[in-house]
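Dear colleague,

I am handing over the structure below, and after it you will find an account of what was found. Please read the two side by side.

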Amino acid sequence: ILGISPLTHFGTEATGFSDFFPGVEVHLLGHSAIFRIPFFREWCLAHGHGSVDRQTCSLLLSRGHSIALAPGGAKESLECAPGSLRLILAQRRGFVRLALQT
């Protein structure tokens, strides 16, 4: 699942990201399910977005690119309740290990 906020911030120039961070190329990564949606898949790929798997993350980071992802994702979005904030990271620490390695 690709969140609207990161998509707007990193996927467009709506917030002027490149003015604050010139030369930083950010790839927004999301769940592989988004690449099964006709036309949306092509839009994502055309804008440099990709699947948030270890191989994609490693490749982009090894090339000096930055990546943006939302830990928790779909599971976390389904655990919402008014007035609460619950972060689910117990089974999602791979991105931290990868960040420390690169």
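Phe21 lies in the loop between helix H2 (17-20) and E1, where helices (H or I, at least four residues) and strands (E, at least two) are DSSP runs, numbered from the N terminus. Please note that this is a predicted model, in which local features need pLDDT of at least 70 and side-chain atom pairs count only at pLDDT 80 or more, while totals for chains, interfaces and linings use all residues. Residues are numbered from 1 along each chain as its sequence is written, and side-chain values use heavy atoms, with hydrogens and water left out.

Phe21 is partly exposed, at a relative accessible area of 45%; buried means under 20% relative accessible area, exposed over 50%, and partly exposed in between (1.4 Å probe, protein chains only). Together with Phe20 and Val24, Phe21 forms a nonpolar patch on the surface, with about 320 Å² of accessible area in total. Patches are made of residues with over 30% relative accessible area and no salt bridge, like charges being joined within 9 Å and nonpolar side chains (Val, Leu, Ile, Met, Phe, Trp, Tyr) within 5 Å, and accessible areas come from the Shrake-Rupley method with a 1.4 Å probe, for residues with only the protein chains shown as cover.

As for the overall chain, there are six helices and three strands, which follow one another from the N terminus as α-α-β-α-β-α-β-α-α. The three strands form an open sheet in the order E2-E1-E3, with parallel pairing; two strands pair if DSSP finds at least two bridges between them. Strand E2 (50-51) and strand E3 (66-68) are the edge strands, each pairing on one side only. Helix H4 (residues 54-62) packs on this sheet and touches E1, E2 and E3, contact meaning heavy atoms within 4.5 Å. The direction of H4 makes about 175 degrees with that of E1, the axes being lines fitted to C-alpha atoms (for helices over the stretch in contact) and the angles running from 0 to 180 degrees between N-to-C directions. Strand E1 (residues 26-30) is joined to E2 by two bridges, and Leu29 stands opposite Gly50 in E2.

A search of the whole structure finds one salt bridge, that is, a side-chain nitrogen of Lys or Arg within 4 Å of a carboxyl oxygen of Asp or Glu. Glu42 forms a salt bridge with Arg41, the closest N and O atoms being 3.4 Å apart. Glu42 is partly exposed at 41% relative accessible area, and Arg41 is partly exposed at 35%.

With kind regards
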